[in-house]
Amino acid sequence: MPPVKANQVLIKVEASSVNPVDWKFCSGRLDGWMPAEFPMIPGFDCSGTVVAVGPDCQRLKVGDEVWADLVTRVGTGEMHQGGGVGDGKRHGSMIMGGYGEYVATEESRVGLKPNNITFDQAGVIPLVALTALQALEAGQVGKGQAILILGGSGGNGVCAIQMAKAMGASKIYATCSAAKADFVTSLGAEVIDYTKQDWADVLKGKNIDCIFDTIGPSGDKDCVLKAGTVLKKDGHFCTLLRYNDSLPAGMSNHFVLTKSDDFKDLDKIKQLCEAQQLSVPIQETFPLEQVPDAFKVSMGGRVLGKLCIKVSQVLQHFSSFGSPRFLF
């Protein structure tokens, strides 16, 4: 049972999820950017019930159903826009905890769960929804604009399509494969099949206001150069990973690093969920001892929406196995 500081709440975790960053972090390949000190418990997202509150907590109470993106840093430095994978800068060790029966985290980063969705649904949303919201806000997405989302069928893309629609975007384009085209179209996007079409050719002359890239250089190393040919002169390119190329003068390049230390953005997402303007499909649900199997599915790069980790079933599933062991 983790100790609870004065400004923290203790959450009995019901569900978490698998994001690509989870297995990349556990592999050690992000160590230069996201260092860890052991022992540690992975898992960015969580949903669950508050079972204890520290004496300085005023907003949440025992019994509240909540959700959160748990990632935070301890030690020297804070995450900031200047850091990047492999830049040699260490900005403090990572604290998560979504893959645990209980987690203690600052009250300020915990939001009330939407009242119209299950714990499983709430457990897969926080990280991808916060990322999408903050990317679109950085890109100044608004009424009547044309938006391109690269990677429309993943968690970030699914959220971004629905959020852009709620923000009033009049035209939303999204890349995905033909197998997922019907689903992405149902969200409100016009699909560009990346296996057959080059989005830069399709969108030439369309005056795109914002491009949200959820894939990074591994998907298209010329992404920034191509973005410069389809964006408006004052357009915005928002990306989750860094590129070496630059945009033409007048266009803005935003490296999006998710901020999860303030529950107010979670409350914006809560309102979208309760207004039935945002939902994230769960492709598959895994019990906690099968996290490595879930990682393998995620590593395949073909997940539609998110993968859920059902943490609350841990005692039932571990009862015949003895003490759990993870081999990442």
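Predicted model: local features only at pLDDT ≥ 70, side-chain atom pairs only at ≥ 80, totals over all residues.
Residues are numbered from 1 along each chain as its sequence is written, and side-chain values use heavy atoms, with hydrogens and water left out. For C26, the closest cysteine sulfur belongs to C46 and is 16 Å away, again too far for a bond. With a disulfide taken as a pair of cysteine sulfur atoms within 2.5 Å, the count is 0. C159 is buried, at 0% relative accessibility (buried, under 20% relative accessible area; exposed, over 50%; partly exposed, in between; 1.4 Å probe, protein chains only).

Helices (H or I, at least four residues) and strands (E, at least two) are DSSP runs numbered from the N terminus. In helix α1 (residues 20-27), the buried residues are D22, W23 and F25. These residues cover an arc of only 155° around the axis and therefore lie on the same side of α1, the arc being that of the directions from the helix axis to the C-beta atoms. The buried residues of α1 pack against β1 (8-18), β5 (93-95) and α9 (291-299), contact being defined as heavy atoms within 4.5 Å. G28, which follows α1, has a positive phi near 90°.

S177 is located in the loop between β9 (171-176) and α5 (181-187). The relative accessible area of S177 is 16%, so this residue is buried. Apart from neighbours within four places in sequence, S177 is in contact with D193 and Y194.
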